Amino acid sequence: MGGCLLSATWQQAEDRCTQYGARLCTQEELVVARGGGCGADSAYVWVWEDCNHDPSDLGAYHVAVRGDDTADYRCDAKATLNAVRCCADEISGLPPSPPP
């Protein structure tokens, strides 16, 4: 999906996934993406869930999960830089992207 992206804001991460017909993984789905390469297993990775802070801040913070341990997560401001992993609900008929 366009190579590795290990340092992106939440919006850049969402845009990257959307560009390739996918979306950010949920925290629950991230387990199946382990070992996917790019060194993201040891990094915090953006996931779809937002943090439930003050209702006036809705959407300002999103969850970032450690790539190899979904129990290790934190709430980060959308401008924080984290790794990106994308998930899809359907398998595309297109051939996979070549490795970077």
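Modeller: Three strands form an open sheet in the order E2-E3-E4, and their pairing is antiparallel. Strands here are DSSP runs of at least two residues and helices (H or I) are runs of at least four, both numbered from the N terminus; two strands pair if DSSP finds at least two bridges between them. Strand E2 (44-50) and E4 stand at the edges with a single partner strand each, so one side of each has no neighbour in the sheet. On average, neighbouring strands of this sheet are turned by 35° against each other, direction ignored. Such angles are taken between lines fitted to C-alpha atoms, for helices over the stretch in contact, and run from 0 to 180 degrees between N-to-C directions.

The model is a predicted one: local features need pLDDT of at least 70 and side-chain atom pairs count only at pLDDT 80 or more, whereas totals for chains, interfaces and linings use all residues. Residues are numbered from 1 along each chain as its sequence is written, and side-chain values use heavy atoms, with hydrogens and water left out.

E2 and strand E3 (residues 61-66) run antiparallel and are joined by four bridges. Within this pairing, Trp-46 stands opposite Ala-64 in E3. Helix H1 (residues 10-19) packs on the sheet and touches E2 and E3, a contact being heavy atoms within 4.5 Å; the direction of H1 makes about 85° with that of E2.

E3 and E4 form a hairpin with two residues between them. Tyr-61 stands opposite Ala-77 in E4.

A search of the whole structure finds one aromatic pair. Trp-10 and Trp-48 form this pair, which is tilted, with 5.6 Å from centre to centre and 45° between the planes. Rings of Phe, Tyr and Trp (its six-membered ring) pair if their centres lie within 6.5 Å; planes under 30 degrees apart count as stacked, over 60 as edge-to-face and the rest as tilted. Because Trp-10 lies in helix H1 and Trp-48 in strand E2, the pair ties together parts that are 38 residues apart in sequence. Trp-10 counts as buried at 4% relative accessibility, whereas Trp-48 counts as partly exposed at 43%. Buried means under 20% relative accessible area, exposed over 50%, and partly exposed in between (1.4 Å probe, protein chains only).

Asn-82 lies in the loop between strand E4 (69-77) and strand E5 (86-87). At 3% relative accessibility, Asn-82 is buried. Leaving aside residues up to four places away in sequence, Asn-82 touches several residues, including Tyr-44, Trp-46, Ala-64 and Arg-74. The side chain of Asn-82 also makes a polar contact with the side chain of Asp-76 (2.9 Å). A polar contact is a pair of N or O atoms within 3.5 Å; within protein, one must be able to donate a hydrogen and the other to accept it, and residues adjacent in sequence count only if both atoms are side-chain atoms.

Two of the residues touched by Asn-82, Tyr-44 and Arg-74, also have an arrangement of their own: Arg-74 lies over the face of Tyr-44, at 3.8 Å from the ring centre. A charge sits over a ring if NZ of Lys or CZ of Arg is within 6 Å of the ring centre and within 35 degrees of the ring normal.
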